[in-house]
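Me: I am new to reading protein structures. Could you take me through one, feature by feature?

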Amino acid sequence: MTRCGLCSTEISQSVCPLCLTDKFEAWIEKKKLSLVKPFREEVRTMLDKTRYGKISCKICRSEHEKAICMNCYAGKIHSFLAKKDEKLAAQFLQDFAPKSERSELYA
Ligand SMILES: [Zn+2]
Ligand SMILES: [Zn+2]
């Protein structure tokens with residue numbers, strides 16, 4: 001069973017942090033290119049705080065030693081965006097709102 005290395009919640013959608021990063025980075029790149037670099041730094045900091053575990057990613061089909069659930073990941077990125085650009089943070093919530101989390105972001 002895969003658990004989030006930050007909040008210990010069971011992860012139902014096995015997607016590794018790298019693939020999550022790709023997805024969010026693509027979104028940020030489209031919205032505001034200048035935030036891509038600080039975004040990457042934010043992700044690195046987040047991964048540093050994540051406990052070791054194991055996740056088999058269903059997208060890239062490889063195993064990773066750190067797993068982060070969508071709630072933690074999106075939450076962190078949202079607070080990062082809120083510090084940088086409030087409008088963008090609001091858009092982020094619209095696009096990745098928790099209520100749509102169950103609707104298979106990666107379907
Ligand atoms: Zn979590
Ligand atoms: Zn992956």
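Reply: Let's begin with a place where two helices touch. Pro-17, Thr-21, Glu-25, Ile-28 and Glu-29 in α1 meet Val-36, Phe-39, Val-43 and Leu-47 in α2. Keep in mind that this is a predicted model.

Me: How do α1 and α2 cross, and within what distance do their axes come?

Reply: Two packed helices are described by the angle between their axes and the distance between the axes. Here the axes of α1 and α2 cross at roughly 155 degrees and come within 10 Å. An angle over 145 degrees counts as roughly antiparallel, so that is how α1 runs relative to α2. The crossing of α1 past α2 is right-handed.

Me: Which residues meet where α3 packs against α4?

Reply: From α3 come Ile-77, His-78, Leu-81 and Ala-82, and they meet Glu-86, Leu-88, Ala-89, Phe-92 and Leu-93 of α4. Helix α4 covers residues 86-95, and its axis comes within 6 Å of the axis of α3, with a crossing of roughly 155 degrees. These two helices are therefore roughly antiparallel to each other. Their crossing is left-handed.

Me: Is Ala-82 buried, exposed or partly exposed?

Reply: For this you count neighbours: a residue is buried with 20 or more other C-beta atoms within 10 Å, and exposed with 12 or fewer. Ala-82, which lies in helix α3, has 14 C-beta neighbours inside 10 Å, so it counts as partly exposed.

Me: Now the whole chain, please. What is the order of its elements?

Reply: Starting at the N terminus, you pass α-α-β-β-α-α, which comes to four helices and two strands. The radius of gyration is 13 Å, close to the 13 Å that the globule rule gives for 107 residues, so the chain is as compact as a globular protein of that length. Along its principal axes, the C-alpha trace spans about 35 × 30 × 25 Å.

Me: What share of the contacts links residues 24 or more positions apart?

Reply: Of the contacts with a separation of 6 or more, 64% are between residues 24 or more positions apart. As for burial, 26% of the 107 residues are buried.

Me: Which residues have the most contacts inside the largest nonpolar core?

Reply: That core has 23 residues, and the ones with the most contacts inside it are Cys-4, Ile-68, Cys-69, Cys-72, Tyr-73 and Ile-77. Helices α1 (17-31), α2 (36-49) and α3 (70-84) each supply at least two residues of this core. The most comes from α3, which gives seven.

Notes
Residues are numbered from 1 along each chain as its sequence is written. Chains are lettered from A and ligands numbered from 1 in the order in which they are written. This is a predicted model: local features need pLDDT of at least 70, side-chain atom pairs count only at pLDDT 80 or more; totals for chains, interfaces and linings use all residues. The radius of gyration is taken over C-alpha atoms; the globule rule is 2.2 Å times the number of residues to the power 0.38. Two residues are in contact if their C-beta atoms, placed from the backbone, lie within 7 Å. A nonpolar core is a set of buried Ala, Val, Leu, Ile, Met, Phe, Trp, Tyr and Cys residues joined through C-beta atoms within 7 Å. Axes are lines fitted to C-alpha atoms, for helices over the stretch in contact, and angles run from 0 to 180 degrees between N-to-C directions. Angles under 35 degrees count as roughly parallel, over 145 as roughly antiparallel, 65 to 115 as roughly perpendicular and the rest as oblique. A crossing is left-handed if the near helix is turned anticlockwise from the far one by less than a right angle, and right-handed if clockwise.
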